[in-house]
Amino acid sequence: MSETYDVVIIGGGPGGYNCAIRAGQLGLKVACIEMRGTLGGTCLNVGCIPSKALLHASELYEAAGTEFEALGIQTGGLSLDLDKMLAQKDEAVDGLTKGIEFLFKKNKVEYIVGTGRITGPGTVEAETADGTQTLNTKNIVIATGSEVTPLPGVEIDEKRVVSSTGALSLEKVPGKLVVIGAGVIGLELGSVWRRLGAEVAVVEYLDRILPGMDSELAKTAQRIFAKQGMDFHLSTKVTGVDTSGETLKVSIEPAEGGEGQTLDADTVIVCIGRRPYTKGLGLETVGIEPDQRGFISNDHFRTSAENVWVVGDCTHGPMLAHKAEDEGVACAERIAGKAGHVNYGVIPGVVYTAPEIASVGQTEDELKAEGRKYKKGKFPFQANSRARTNHATDGFVKILADAETDEILGAHLIGANVGEMISELCLAMEFQAASEDVARTCHPHPTLTEAIRQAAMGVEGWTMQS
């Protein structure tokens, strides 16, 4: 008989590989099956990491062309080497994927390159280049992630009409770019190519950008992005993309119906969201039935099938790498008999545009909708000394606290580096801190983080700067 594993994980993305590493640390015998051929999932290979590499490089390129002279920096002739910019992105990805392989070896996790499928209680098949391998296991963890949601009537060829994956490797900067979807991915990728010279139009079915985020934050972001040169078509749907000519013709019309129009484009990026990757996993062999959208339900990571667990994008909750990471770790701990836990009320979200956007906890819209009494403190970066010296004064910090207990309920930031700054407020919320706790914590001067302290002071009306 073949050996039996304590845990077999299907999927090597942020949820899967963190689950595997933590399980290995806890002394469990672990195997992780990943079909991509490299670990890290969508996030590391074609998502978070490569997009951030391009966002960083393109931001420096734009700054060199538009901001350096005002700072007394003479650059001479400025030019773009797109091939080199894409190559450094790939180098970052390659280094990080190999880093995960090292951690697998260090923690005695068996890495199987292949496609995993459940064949019944306690058994998983891995289709590899060498044939079919059957693994017997005490526990199965489904961590298969998500895939791009297609737009009906629009065919993605990854050349001119691309998904978020193809948008990371365009052969040249498009003259005109149409982005379908004004969510996080669409705005980030649109920002990259706008900075490199594309004329960008964003089409969004809803009446606002960044659905789900605080509406004041979204309105401010749209105003800033429009000033940067992005053209927005809100409450608008795409009815088709004509690819027959040299120039793409994108047909749009009001979301509620009406007279349509056509946008010209050299490239179209389809970014309308992602859907769980749960087909072909053999779920029926253990009695698991995903919902209509393909998500697998769970109770503290347990599915309806005994000893079958699920984490990450293929189950409910925000499709964020760090949410999947936390779930993977907590799931491994529960399998090992420990008290693994994820606080879903303190999972931050970040948009890595310029300025950055970061949010955690409840939005002001949600608090109003539930009738919760709250207090608000808000502080603009325009009044922050470090933001002024850095010429990065767009945006603000907003902190929401319970009207009676002063416990921080949510925080919403837009400005330079707020993706790093949000962690202070996440930690405060994890410890159920009051806004006064943050307000009375000494912050170094001059720093952008002082804006957080000032916003916290503002909850009780004693902001010290204006």
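Predicted model: local features only at pLDDT ≥ 70, side-chain atom pairs only at ≥ 80, totals over all residues.
Residues are numbered from 1 along each chain as its sequence is written, and side-chain values use heavy atoms, with hydrogens and water left out.

One of the salt bridges joins Asp-6 to Lys-138, with the closest N and O atoms 3.3 Å apart. This pair links distant parts of the chain, since Asp-6 belongs to strand S1 and Lys-138 to strand S6, 132 residues apart. Helices (H or I, at least four residues) and strands (E, at least two) are DSSP runs, numbered from the N terminus. Asp-6 is buried, with a relative accessible area of 18%; buried means under 20% relative accessible area, exposed over 50%, and partly exposed in between (1.4 Å probe, protein chains only).

Asp-94 forms a salt bridge with Lys-98 at 3.2 Å between the closest N and O atoms. Both residues lie in helix H4 (residues 82-106), four residues apart, about one turn of the helix. Asp-94 counts as partly exposed, at 37% relative accessibility. In the salt bridge between Lys-375 and Asp-406, the closest N and O atoms are 3.5 Å apart. Lys-375 lies in strand S20 (residues 374-380) and Asp-406 in the loop between strand S21 (396-402) and strand S22 (408-415), so the pair ties together parts that are 31 residues apart in sequence. Lys-375 and Asp-406 are both buried. A network of salt bridges links Asp-214, Glu-216, Glu-364, Lys-376, Lys-378 and Lys-398.

Strands S4 (residues 115-120) and S5 (residues 123-128) pair in the antiparallel sense over five bridges, where pairing requires that DSSP find at least two bridges between two strands. Gly-116 stands opposite Ala-126 in S5. The two strands form a hairpin with two residues between them, and Gly-122 in the turn has a positive phi of about 75°. S5 also pairs with S6 in the antiparallel sense, over six bridges, and these strands form a hairpin with two residues between them. The bridge partner of Thr-128 in S6 is Gly-131.

Note on methods:
Salt bridge = Lys/Arg side-chain N within 4 Å of Asp/Glu carboxyl O.
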